[in-house]
Amino acid sequence: MKTINTVTGTTTAEKLGMTLMHEHLMVGWGGWELDCTAPRFERKAALKVATDRLKELRDLGLNTFLDPCPMDIGRDVEFIAEAAGASGIQLICTTGLYKEDLGNTAYFKQRPVDEISAVYVKEITAGIGRTGIKAGAIKCATSKGKITEYEDKCLRAAARAHLKTGAPIMTHTDDGTMGREQLDIFVSEGVELKHVIVGHSCGASDLRYHTDMLDRGCYLGFDRFGLDILHPDRLRLAALIGLLGIGFERQIGLSHDSVACWLGRGLDLTPEMEAGIRNWQPTHIFKNILPAMRTAGVSDEKVQTMMVENPRRYFES
Ligand SMILES: [Zn+2]
C-alpha cells in the first residue's frame, strides 16, 4: 500500500475520503515581505481564518484538502500543518515552482533541470526545509498561450521528480490554454498521464480542448468554481455537465482555487471585481454547484466518483 505525505504525517489513498483537490490557505506574491507599508501579518488571526474555513468544510463532510501552493508564492507548510491539526482536515502540500510572470524565478532560472528536480525530490522524501513536513504532490505551471523556457524546465523537473518518487503532478494553466502542450512535455519525459491533473481546465469551455486531453488519460481540474471574474461559473458548469454526460466522471476533479489568507496587501478589487468573486469560497461547490448539477440530472454516484474515488486513484496509482 502506497503511503501519501500529508502535512501532519502519512496517510493512505483509502483514507483520503471526500477531497477538494485545489484550495489554498495562504498565498503571497514574491516581494510581499519587502512591503514595509503593508499591514503587519498577524499569524494568529490568519490561522483562525484558515482553521474556521477548514472546520466549515469538515462539517460539510470534507476529509482532505490539497493545497498546491508552489514553493515560491508564500508557501508556509507549518501554517498549513497547524491549521490541519486544529481542524481535523487532512492537508497535502506540494513542492514545485509557479509560472514565470508571477513566480520568484531569478534563482532557478539559472539552475539546470536536474538540480530543480533534485530539490523537488528532497522536499518529497526528506521534507521541506527543517520542518520535517513532506510534500505529497508536485506543482508546475504555464502562462497564457505559451510555455516559456523557464516553465518548460520546471515541467520537466516535475516529470523527473514524479518518476523518482511516484508523487503525482498538479499543473496550473491560464485561461484554459496549453494543457495539451503540458501533456506533450510530460509524455516526452516518460510520464504516464494518469498521474497528471491539468489544473484550471475549466478556464475554457472548449470541449474539443477537454476531450483531446481526457482521451490521453489525464485528469482535468474543474477547480476554479466561484471565479466568475475569470470565466463564468455557468460556462464551467455547462462544460462539466456535458463531459459527465458522455462518461468522463472518472477523470475530473472539482475545486475552487480559493485563498483563505493573503500575505502583504492581497488583492485590490473594484466593486465590479468583488461581484465577480462573490462565490469564491471553498464551500461554494457543496452549497451551489452540486445542487445545480443535480438539477441537471447528474447522479450522486458521479459526484462521489469525482470527489472521493478520483483523488484516491490519483494518489494511489
Ligand atoms: Zn491554485
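Author: A crossing of two helices is right-handed if the near helix is turned clockwise from the far one by less than a right angle, and left-handed if anticlockwise. The model discussed here is a predicted one.

Reader: Does α8 pass α10 in a left-handed or a right-handed crossing?

Author: Helix α8 covers residues 233-245 and helix α10 covers residues 284-295. Their axes come within 11 Å of each other and cross at roughly 55°. Where α8 passes α10, the crossing is right-handed.

Reader: Which word describes how α8 and α10 lie to each other?

Author: The crossing angle of these two helices is roughly 55°. Angles under 35 degrees count as roughly parallel and those of 65 to 115 as roughly perpendicular. The arrangement of α8 and α10 is therefore oblique.

Reader: How many nonpolar residues has the contact of α8 with α10?

Author: From α8 come Asp-233, Leu-237, Leu-240 and Leu-244, and they meet His-284, Ile-289, Ala-292 and Met-293 of α10. By class, one residue of this contact is polar and one is charged, while the number of nonpolar residues is six.

Reader: What are α1 and α2 to each other, going by their angle?

Author: Helix α1 (residues 43-59) packs on helix α2 (residues 77-87) with the axes 9 Å apart and an angle of about 50°. With that angle, α1 is therefore placed relative to α2 in a way that counts as oblique.

Reader: How many charged residues are in the contact of α1 with α2?

Author: The crossing of these helices is right-handed. On the α1 side the contact includes Arg-43, Lys-55 and Arg-58, and on the α2 side it includes Glu-78 and Glu-82. By class, the contact has eight nonpolar and two polar residues, and the number of charged ones is five.

Reader: At roughly what angle do the axes of α4 and α5 cross?

Author: Helix α5 spans residues 149-165. The axes of α4 and α5 come within 8 Å, and the angle at which they cross is roughly 45°.

Reader: How many nonpolar residues has the contact of α4 with α5?

Author: The crossing of α4 past α5 is right-handed. Among the residues of α4 in the contact are Ile-116, Tyr-120 and Val-121, and those of α5 include Cys-154, Ala-157 and Ala-161. The contact also has three polar and five charged residues, and its nonpolar residues number nine.

Reader: What is the volume of the largest pocket?

Author: This pocket is lined by 27 residues, and nearest its centre lie Trp-29, Arg-224, Leu-230, Trp-262 and Trp-280. At least two lining residues each come from β4 (24-27) and β12 (259-262). The space in the largest pocket is about 520 Å³.

Reader: How many residues of the lining of the largest pocket are nonpolar?

Author: The lining has 27 residues. Four of them are polar and seven are charged, and the nonpolar ones number 16.

Reader: Which element gives the largest share of the lining of the second largest pocket?

Author: The second largest pocket has a volume of about 150 Å³. Among its lining residues are Thr-3, Ile-4, Asn-5, Ile-124 and Thr-125. Two or more lining residues come from each of β1 (3-6) and α4 (113-125). The largest share, three residues, is given by β1.

Reader: How many residues of the lining of the second largest pocket are charged?

Author: Lys-2 is one of the lining residues, as are Ala-135, Gly-136 and Phe-315. By class, the lining has six nonpolar and five polar residues, and the number of charged residues is one.

Methods: Residues numbered from 1 in each chain as written. Predicted model: local features only at pLDDT ≥ 70, side-chain atom pairs only at ≥ 80, totals over all residues. Heavy atoms only, no water. Axes fitted to C-alpha atoms, helices over the stretch in contact; angles between N-to-C directions. Helix = DSSP H or I, 4+ residues; strand = E, 2+ residues; numbered from the N terminus. Parallel < 35°, antiparallel > 145°, perpendicular 65-115°, else oblique. Contact = heavy atoms within 4.5 Å. Nonpolar A, V, L, I, M, F, W, Y, C, P; charged D, E, K, R; others polar. 1 Å grid on protein atoms, 1.4 Å probe; cavity = no way out; pocket = protein on both sides within 12 Å on 5 of 7 lines; lining within 4 Å. Points joined across faces, edges and corners; volume = space filled by probe spheres on them.
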